[in-house]
Amino acid sequence: MTENDFIPKQYSEEIKHGEVSWSAPSNIALIKYWGKLENQIPANPSLSFTLNNCKTITKLTFSKLEKPTSEFQVDVFFENEKNESFRPKILQFFKRIEKYLPFLRDYKFSIETANTFPHSSGIASSASGMAALSLCLMEVEKMLNPEMTLKHFHQKASFLARLGSGSACRSIKGEIVVWGKHEQIRESSDLYGTAYSSQVHENFKNFQDTILLIDKGEKQVSSSVGHNLMNNHPFAQQRFAQAHENLRKLKVVLENGDLKSFINIVESEALTLHAMMMTSNPYFLLMKPNTLEVINKVFEFRKSRGLHLCFTLDAGANVHLLYPENEKQQIEEFIEAELVAYCQNRHYIRDGIGSGAKKL
Ligand code: DP6
């Protein structure tokens, strides 16, 4: 597959107006995407668990214009209110994907979007938001070209989502998603995410993710600035090679169910991500004191109780706590008794692996 395979040929149908809705989940990377080339081509492969409860719900309404417009006609509503602040990002996205969706200039669009998680939670909504919008746009393209295969629909939705925000391409389909070419994962591609199709051990079925909202403030570093830190980073090449190696090891672990090795890979990836930020120039320290308190408590808990609780981090202070379903009860008691106190206003979100986006 190349980019050009996503440029459509002539559409067979004509549609005057319509309405489509999709919900798309957030995802949590175990092997981290950090560093990119132009157009969100990742510098290394990544792998994520798809979440179930944290999602964006988007409705796209469209009506055909008399003649194609020179400026995109888009209104954006966030949680039922007209929202001007998201518009520039969406216009930029439309510009980027226009080549692949030539109908964008033929219609007036209205985008109504809402998240199931609080906006100011420090959970990025760009992954679920761009995925939901891409799926809605693909739904329109499918009406214009009903012959489209389901495989192409999903691949192209992920391809478009990637152009909106890299990690969004992992929020389309599948419980575990890989994005970025890896020599041992046949279906992997730099252009889109694919549902992980190798063997997965029972231990990872319905894996749990409790998200501790340590700091709900604005992101200190935008993801574009963050990824750019990997250009000319003294450790960049070693890091990209390490991601390949960690994904190779994780593939083995996902198959054999070895939770100890799983923890080792996942926590090392999280700390490496933060180490990359701390050793770039300019440098950033995105963990807060309470992030470290939680991490130390997790280490102690594991040592004393022998249960398989581990953490991962995004580019921020919040902590994702990952654990198997059959240890849920004891681990959740511990989280409530010992860890929730470190969250801002004691806020946290219970989530777990989900299967991907849904048409509404
Ligand atoms: C730390 O996908 O937000 O969460 O492509 O610039 O939109 P852009 O970046 P984004 O980066 C996410 C980085 C991460 C790790 C990950 O999700 O793999």
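The ligand is surrounded by 15 residues, and the closest are Tyr33, Lys36, Ser165, Gly166 and Ser167. The structure is a predicted model. The protein chain has 360 residues, and 52% of them are buried.

**The ligand and its surroundings**

- The shell of residues around the ligand is made up of five nonpolar, six polar and four charged residues.
- Serine 167 places a polar side-chain atom 2.7 Å from an oxygen atom of the ligand.
- Histidine 227 has a side-chain N or O atom 3.0 Å from an oxygen atom of the ligand.
- For serine 223, the distance from a side-chain N or O atom to an oxygen atom of the ligand is 3.3 Å.
- On its own, the ligand has 460 Å² of accessible area, and the protein covers 92% of this.

**The chain as a whole**

- Eight helices and 14 strands form the secondary structure of the protein chain.
- The radius of gyration of the chain is 20 Å, close to the 21 Å that the globule rule gives for 360 residues, so the chain is as compact as a globular protein of that length.
- Along the principal axes, the C-alpha atoms fill a box of roughly 70 × 45 × 40 Å.
- Among contacts with a separation of 6 or more, 76% are between residues 24 or more positions apart.
- The chain exposes about 16,500 Å², and 48% of that area is supplied by carbon and sulfur atoms.

**Asparagine 44**

- Asparagine 44 sits in the loop that lies between β3 (41–42) and β4 (46–64).
- Its relative accessible area is 1%, so asparagine 44 is buried, the cut-off being under 20%.
- The side chain of asparagine 44 reaches the backbone oxygen of lysine 32 at 3.0 Å.
- Apart from neighbours within four places in sequence, asparagine 44 is in contact with Lys32, Tyr33, Trp34, Trp179, Arg239, Phe240, Ala243 and His244.
- One of these contacts, Tyr33, is also listed among the closest residues to the ligand.

**Methionine 277**

- Methionine 277 belongs to helix α6.
- With a relative accessible area of 1%, methionine 277 is buried.
- In sequence, methionine 277 and leucine 229 are 48 residues apart, while in space their C-alpha atoms are 7.4 Å apart.
- Leaving aside neighbours within four places in sequence, methionine 277 is in contact with Trp34, Tyr283, Phe284, Leu286 and Ala315.
- Trp34 is in contact with methionine 277, and Trp34 is also in contact with asparagine 44.

**Serine 280**

- Serine 280 is in the loop between α6 (259–278) and α7 (289–305).
- The relative accessibility of serine 280 is 4%, so this residue counts as buried, the cut-off being under 20%.
- From its side chain, serine 280 reaches the backbone oxygen of proline 282 at 3.0 Å.
- When neighbours within four places in sequence are left aside, serine 280 is in contact with Leu229 and His233.

Terms used:
Residues are numbered from 1 along each chain as its sequence is written. This is a predicted model: local features need pLDDT of at least 70, side-chain atom pairs count only at pLDDT 80 or more; totals for chains, interfaces and linings use all residues. Side-chain values use heavy atoms; hydrogens and water are left out. A residue is near a molecule or strand if one of its heavy atoms lies within 4 Å of it. A polar contact is a pair of N or O atoms within 3.5 Å; within protein, one must be able to donate a hydrogen and the other to accept it, and residues adjacent in sequence count only if both atoms are side-chain atoms. Accessible areas come from the Shrake-Rupley method with a 1.4 Å probe; for residues, only the protein chains shown count as cover. Ala, Val, Leu, Ile, Met, Phe, Trp, Tyr, Cys and Pro count as nonpolar, Asp, Glu, Lys and Arg as charged, and the others, Gly among them, as polar. Helices (H or I, at least four residues) and strands (E, at least two) are DSSP runs, numbered from the N terminus. The radius of gyration is taken over C-alpha atoms; the globule rule is 2.2 Å times the number of residues to the power 0.38. Buried means under 20% relative accessible area, exposed over 50%, partly exposed in between (1.4 Å probe, protein chains only). Contact means heavy atoms within 4.5 Å.
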